[in-house]
Amino acid sequence: MTLNEFKTALRTYRKQELRALLFFMVGMVGLTLPASFIEERAKTMGFDIWCILVAVIGFSLVGGLMFYSAARLPQKCMRRLGLVCPTCQKPLVGITAQIVVATGKCGYCGGQYLSP
Ligand SMILES: [Zn+2]
């Protein structure tokens with residue numbers, strides 16, 4: 001990978017990271033939906049089986065979306081763009097990306113990453 005290709009991949013990754021953050025924020029808002037349903041139903045009908053079902057299913061789905069957007073989505077994007085060291089498999093984003101730009105080598109293992 002050349003320096004320009006690396007910088008382009010890094011910009012693409014940052015855009016994807018912002019998108020993942022947006023999904024996470026949508027999940028945060030989405031958590032209020034089952035909570036408000038449970039609150040309303042508990043006030044009128046009492047805490048019944050529907051409250052438990054909505055709590056388990058709703059919070060699992062929204063929590064799963066939030067976990068995926070915060071943990072899995074950035075990792076998948078990083079691997080797809082080739083922003084991992086081929087030697088040690090560590091991510092080359094953040095401060096490590098600056099080391100790669102400055103030296104052309106992985107900041108973890110020192111292996112050559114950028115082609116000269
Ligand atoms: Zn490495």
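**View 1. Q112, a partly exposed residue.** Q112 counts as partly exposed because 13 other C-beta atoms lie within 10 Å; with C-beta atoms placed from the backbone, 20 or more others within 10 Å of a residue's own make it buried, 12 or fewer make it exposed, and partly exposed is in between. This is a predicted model, in which local features need pLDDT of at least 70 and side-chain atom pairs count only at pLDDT 80 or more, while totals for chains, interfaces and linings use all residues. Residues are numbered from 1 along each chain as its sequence is written. To find Q112, look in the segment after α4 (95-103); helices here are DSSP runs (H or I, at least four residues) and strands are E runs of at least two, numbered from the N terminus. Setting aside neighbours within four places in sequence, Q112 is in contact with G104 and K105, where contact means that C-beta atoms, placed from the backbone, lie within 7 Å. T87 is 25 residues from Q112 in sequence and 8.7 Å away in space, C-alpha to C-alpha.

**View 2. Helices α2 and α3, side by side.** Helix α2 (residues 32-44) packs with helix α3 (residues 49-81) at an angle of about 175°, their axes 9 Å apart. Axes are lines fitted to C-alpha atoms over the stretch in contact, and angles run from 0 to 180 degrees between N-to-C directions. The pair is therefore roughly antiparallel, a label for angles over 145 degrees. On the α2 side the contact includes L33, P34 and F37, and on the α3 side it includes W50, C51 and V54. The contact residues divide into 10 nonpolar, one polar and one charged; Ala, Val, Leu, Ile, Met, Phe, Trp, Tyr, Cys and Pro count as nonpolar, Asp, Glu, Lys and Arg as charged, and the others, Gly among them, as polar.

**View 3. Helix α1 and its buried residues.** In α1, take a look at F6, A9 and Y13, which are buried. The buried residues of α1 pack against α3 and α4. The end C-alpha atoms of α1 (residues 3-30) are 40 Å apart, in agreement with the 40 Å that its 28 residues should span at 1.5 Å a residue; the expected span is 1.5 Å times one less than the number of residues.

**View 4. Stepping back to the whole protein.** The protein has four helices and zero strands. Its C-alpha trace spans about 70 × 20 × 20 Å along the principal axes. Buried residues make up 11% of the 116 residues.

Technical notes. Contact = placed C-beta atoms within 7 Å. Parallel < 35°, antiparallel > 145°, perpendicular 65-115°, else oblique.
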